[in-house]
Amino acid sequence: MKEGQKMLSADSVQVAVRVRPFNQMEKDAGSCCIISMVLNSITVCHPRNRNNTKTFLFDLSYWSHNGFIKNKEGILIPDGPASKYADQKRVFDDLGQEMLNNAWKGYNATLLAYGQTGSGKSYSMIGYGPDRGIIPLTCDGLFKIIHQNQEPDKQYQIYFSMLEIYNEKVVDLLAKSKQPRDLKVRESPQRGFYVENQMLVPCESYEQIQQLLKEGNTKRITRSTSVNAVSSRSHLITTIRFKQVFLKDHLTKQSDINLVDLAGSERQKSSGSEGDRLREGTAINLSLTTLGNVISALAEIAMGRRMLHVPYRNSTLTKLLQSALGGNSKTRMIATVSPADICYEETLSTLRYAERTKNIQNKAVINENPTERLILELRAENAKLRSTITKIRNAGLRVEEEMKELRQSLAENERQMAEIQTSWEEQLEKAQQEWEQKYKTLTQERRMIQMFPYLVNVNVDPQLSGFVHLFIQDGETVIGQSARFPQAIVIKGFGVADKHAIITNLDNKVTLEPCGQAKLILNGALLLTKVPLKHLDRLILGSNSTYLYVGFPCERNGEDMSKYDYDFFQSELAAVEGFDRDALGLSNRNKKVDPSVLAVFLDYIRVKPLVAEANQISEELSKDLKFELEVKNLALTDSRGHDLVKEVIVKVTNKTTHQVWVWSKAKFVNRKFIMEDIYQHFIDGETISLDRESDPFWDPIDAVHLGTAYVWLQSLNYCIPLEEHVEFHNSQGEEEAVLQMNLVPCTPTGQPLSEDEILIDPTEMVGQRLDFQVQIKQCLGIRWLKQNSMRGIQIQYHVLNHPCPFCTKPIWNTVNARIDQVMQFTVKSVSEELLNYLQYHALVLDLWGLQVTVLCDQHVGQCQIKITGLYFGLRFIGFTCCEEDCTEISSPLDDIELTDEGSIIIDYVRPQLPSTVEIDDDQLSELYIKLSKLEQEIELLRDVNRTLRKDNVSIKSALRKMSDAPRSDEKSFHRKNAEAFGSKGTPKASYEVDFAKALKTFYQSMNRVRNQLLGLRRHRPPGDDDVETLRLYLDNQTRIIRDFGDSLELCMNTLKNDVSLIVKKKKGHNLWGSVTE
């Protein structure tokens, strides 16, 4: 039994995990490490709760996060004997060397690299500069083994190939044509799935493979810009075919070493585009999804469960990896993860994926076949194919597709036989001329680097940056899509015109000038005129073609150009447009940065170029849509004034109809992939015909969230009516409208309370009934309707924690909307929790924009609202608007409970924390301390309240005795008493009324001050660097701060004066009382 288990383990897929260092952005933001490693055990802790951990066990683990230095050769090595750092050599010794050993024995070997974009996949597989990764080290090691094991009757043959899979299409990156065409995946009994006409380049040195790697990566970059493929979303399969030919025995031992760099595995909000009707509309994510399904199915089989089907055939990637997963291959996987807290979800997802993979079992065999037998098998298969073709012809059948497939299979078999029968020497001789030309090109490029300034590409994948050099020769050079100019630099990409810019190299000075309306960004700013270029300037041409300018050799000082990565370009561009770390509060180094906020910043700069590309596609396909990137909840808070969770969204506007949609990041990315597909068909000259349901540019209309306003509920604690003019502000902090509304405590029948019923002590309401009205009067200066008068608005709000939202009736076609809605709410029994809620929370009102589908002149003004059922200004069944529907906000009120007077019952129930909320020990102890202090303060207040109540009872008793006692001059007594106490007759009533009035004035003033403070927080500096604009902003900011200070001082002084008058009055009463006694 143990023996069998060993055999099973030996054939299982082995999984290694590698943890990378922080990147520069994570360092700048003060990210925390959430991963710890002990031997092969990896533990991940939740960034908000360090006690919430997940632990995984793998075959191998590599700590490459810290403990390293760079040596003179530019290679990262451990910084001392005690360092845990795993360098490239150690990773190769464990994974690459084992693959070489298996290949030498004749086994197929596969290494899969999996992880999110930027987690270190490509670094582990390819390396960076002199710090070589597994692929180059494996190739170098293979040639070293060959040189050490030369035998006279044995021949070694090495072939190299590079394939890219993007959107289910396979491209040969080593094909001779400048524009590689898509290849077909076929299946044969001998070979299984294979790529037809795949280029296998014979190599006799490691230097040749180095050159092929560079050539393949260069073509990958060029192709991605021409067809809009995102390199991080494509798979790269590098294959080294190693043949050992035993000349005496006519025997061939063959091994295919497959090194697979899988596409980025980022989750996109649990993968994606939930809620999008076109969720499965793109094939770009199909390969990774199917790979996950295959791994799950094979893991189930390994655990002894019966699986009827393993879905290899569902994607191109899994077809080509069939032998690697559950087939004839010794397979390893390296999963790379980021240790940063902002990558928690992606890291956890990657580790779970890798954990499933290690359960897969393969059955590898030595690939040892006589050469003659291979030829005989191919001839036999060809004979069958010819026989099938003859039968079809004799039967008179016209099956064109089937005939075409058979002929192609026949031709492929003939090609294989010719290849087998061609000697290794002949193949090398045939390839020699091409190698000479490649070496000549390489030598020329190195010489030109030492002579001219140039532009070097910057890619979203750092391992693909620096492969393309565009040299700026003497004279005037045109940059653009066209090569028809005498001296041209051809750049393909979104938004790049045929003649995009002119770059001039004259007298050791280089200048750049945009042509016409071409979009050209220099160091983050839009370029409009001719300017001189400086060494390490950053250029973005069109939507997203990014290049770094490298100056003349005399200007270069050996700078580290790696810091100018893709994120640097996009951060610089966002900062110039006014969105930088300061906008999200990331620049305060003394304050711990919320990982979710940093994640939003990263999302913003990475989605920004996709938005630019989407705008370009929309323009070229005449879709008339405008895409704008925004941050949801950037300037908004919840009912307590705490910041809401921020996330990246994309605002979509139809420039003709002015309809607006808001898409989540996941939905936009999904739609963007489909747009790329359609655009590729368009530039290929194909006719595009899409129905509305399949069109990624179309969505049904919906209500749009415009802004939020806050009305603080504190006044209800004292039964003080509140009249408010509050502003609706959008996510960016800009004013959308002004709301006039009242919050009025009332009687059960809806009558406002008098000033006599204002409370000083809110606890007097405990156990009592509370009625109040939300009176929404009007909404003024609605920007949504200023932009287009054929729109409407609704206001929606939640009262306390009632599950049902309440909303006003829709108002259409007016900038100053008269609403006049009164809603009465009842709390049957006031609790202390409710009083606490009212003290610190606000009523949050959301302004929603309504729009119609069709806006034509003949139907203007014909929108009608059809309302059925119980109506409180809340429940709407539907609209009728000529031919199409209008949007609206609806509120189901089936479970609403009403009082006998018709008021809505909203008894406050203390919200329960969800079971998923976890708090660590430090947080728990801190909460206990705060809770204890609060309980002590509450108990103290209760003691004070009890004392005051006793005093009140004593005063009432004394007054009652005084009024009941016989007096000689009762009229004179009442007159003096009235003079001292006021007309109410009792000092308590008089003082409480005066104090209530003072409180009312104070709270109304403080609400105005609070709104001024919110406005001050939202007031942000302008995005441009114009001195006059900044001066005006500074003057305005100074005025706002002065007004705020004046208002606050006035508010406090008024309260002090009112209280001092009440105190004086009370002292006078006490003095009079002592005199009369």
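Modeller: Let's begin with a word we will need: contact means heavy atoms within 4.5 Å. Please keep in mind that this is a predicted model.

Biologist: Happy to. What is Gln 211 in contact with, once its neighbours within four places in sequence are left aside?

Modeller: Trp 435, Lys 438 and Leu 442. Gln 211 itself is found in helix α6, which covers residues 206-227.

Biologist: Why does Gln 211 count as buried?

Modeller: Its relative accessibility is 13%. Buried means under 20%, so Gln 211 counts as buried.

Biologist: And why is Phe 682 called partly exposed?

Modeller: Phe 682 has 35% relative accessibility. Partly exposed lies between the buried limit of 20% and the exposed limit of 50%, so Phe 682 counts as partly exposed. Phe 682 lies in helix α16.

Biologist: What makes the nonpolar surface patch of about 300 Å²?

Modeller: Phe 682, Ile 683, Ile 688 and Leu 690 make that patch. Members need over 30% relative accessible area, and Phe 682 has 35%.

Biologist: Where does helix α16 lie?

Modeller: Helix α16, residues 665-683, lies across β32, β33 and β34. The helix runs at about 100 degrees to β34.

Biologist: What makes β32 and β33 a pair?

Modeller: A pair needs at least two bridges. Eight bridges join β32 to β33 (residues 647-654), so by that cut-off they pair, and they run antiparallel. Within this pair, Glu 630 stands opposite Ile 649 in β33.

Biologist: Why are β32 and β34 said to stand at the edges of their sheet?

Modeller: The three strands form an open sheet in the order β32-β33-β34, with antiparallel pairing. β32 (625-632) and β34 (660-664) each have a single partner strand, so one side of each is left without a neighbour in the sheet. On average, neighbouring strands here are turned by 25 degrees against each other, direction ignored.

Biologist: Let's turn to another pair of strands. How do you know that β14 pairs with β15?

Modeller: Four bridges join β14 to β15 (residues 192-195), and at least two are needed, so the strands pair; they run antiparallel. In β15, Gly 192 is the bridge partner of Ser 188. The two strands form a hairpin, with three residues between them.

Biologist: Which residues of β14 are on the covered face, and which are on the uncovered one?

Modeller: In β14, residues 185-188, Arg 186 and Ser 188 make up the covered face. Val 185 and Glu 187 make up the uncovered face.

How values were computed: Residues are numbered from 1 along each chain as its sequence is written. This is a predicted model: local features need pLDDT of at least 70, side-chain atom pairs count only at pLDDT 80 or more; totals for chains, interfaces and linings use all residues. Side-chain values use heavy atoms; hydrogens and water are left out. Axes are lines fitted to C-alpha atoms, for helices over the stretch in contact, and angles run from 0 to 180 degrees between N-to-C directions. Patches are made of residues with over 30% relative accessible area and no salt bridge: like charges are joined within 9 Å, nonpolar side chains (Val, Leu, Ile, Met, Phe, Trp, Tyr) within 5 Å. Accessible areas come from the Shrake-Rupley method with a 1.4 Å probe; for residues, only the protein chains shown count as cover. A salt bridge is a side-chain nitrogen of Lys or Arg within 4 Å of a carboxyl oxygen of Asp or Glu. Buried means under 20% relative accessible area, exposed over 50%, partly exposed in between (1.4 Å probe, protein chains only).
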